[in-house]
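Hello,

Here is the structure you asked to look at.

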Amino acid sequence: MGWWPWSSKSTNDGDPFRDLDPSLRDFLAKESPLKYNAPPTPKPPPSTQNEPTTTSTDQSSPAPSQSLFPDGRYAHLWKNYRAQGEIDAEFKNDQERLNDVLDAYKARKSLIGRAALENCTGEQIALFDCYAHGTWTERSTLCRTKSKAFERCYEMQAVWSLRFPTPQIQATLNLNQAQMADSGNN
């Protein structure tokens with residue numbers, strides 16, 4: 001049953017993005033800090049051909065990348081290993097996945113705002129200095145010229161960083177997202 005009672009499409013396939021325009025889907029994939037993976041489609045039944053199964057090759061295979069022992073020790077412990085994030089993602093419903101994307105976007109926007117404030121400290125110091133030690137005319141106009149300079153600097157940093165991130169800002173965002181992901185996994 002769809003969102004509306006008279007909707008003819010079934011929502012049992014679990015992909016909320018299935019009806020989106022491909023260009024919008026590409027835009028969301030490009031702009032979203034978290035990547036949305038559509039749920040896997042059901043696999044067709046296995047074929048009836050007889051395929052030989054070999055268990056001895058599983059034991060002689062090299063250790064997985066998560067193992068601290070590349071020589072294959074404890075490989076039997078790592079063969080069924082799945083990361084905690086992968087397990088959590090498997091049991092999340094669509095609303096939780098979309099909330100994760102939204103939370104990541106808000107966190108990215110917050111990081112950009114903090115970086116913009118950091119880049120505009122000169123204007124901010126001049127503004128507070130004007131409030132504290134400005135002339136009578138500056139105080140009566142609430143330090144309008146300094147305030148405009150600070151607001152313009154902040155807006156230019158924040159808006160341009162969201163639309164056209166520079167390599168330095170992108171590197172900072174990637175580093176901060178990695179730190180957030182590490183703290184989320186611990």
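**Contacts, core and salt bridges**

Beyond its neighbours within four places in sequence, C120 is in contact (heavy atoms within 4.5 Å) with F150, C153, Y154 and Q157.

This is a predicted model: local features need pLDDT of at least 70, side-chain atom pairs count only at pLDDT 80 or more, and totals for chains, interfaces and linings use all residues. Residues are numbered from 1 along each chain as its sequence is written, and side-chain values use heavy atoms, with hydrogens and water left out.

C120 belongs to the largest nonpolar core, together with L127, C130, C143, F150 and C153. Such a core is a set of buried Ala, Val, Leu, Ile, Met, Phe, Trp, Tyr and Cys residues joined through side-chain atoms within 4.5 Å. Buried means under 20% relative accessible area, exposed over 50%, partly exposed in between (1.4 Å probe, protein chains only). Helices α6 (121–133) and α8 (144–163) each supply at least two of the core residues. Helices here are DSSP runs (H or I, at least four residues), numbered from the N terminus.

There are five salt bridges, each a side-chain nitrogen of Lys or Arg within 4 Å of a carboxyl oxygen of Asp or Glu. R82 pairs with E86 at 3.4 Å, N to O. R82 also bridges to E90, at 2.2 Å. R82 is partly exposed, at 35%.

Now confidence. Mean pLDDT (the predictor's confidence in each residue, from 0 to 100) is 76 for the chain. Helix α2 (residues 56–60) is lowest, with a mean of 47, and α6 is highest, at 95.

Best wishes
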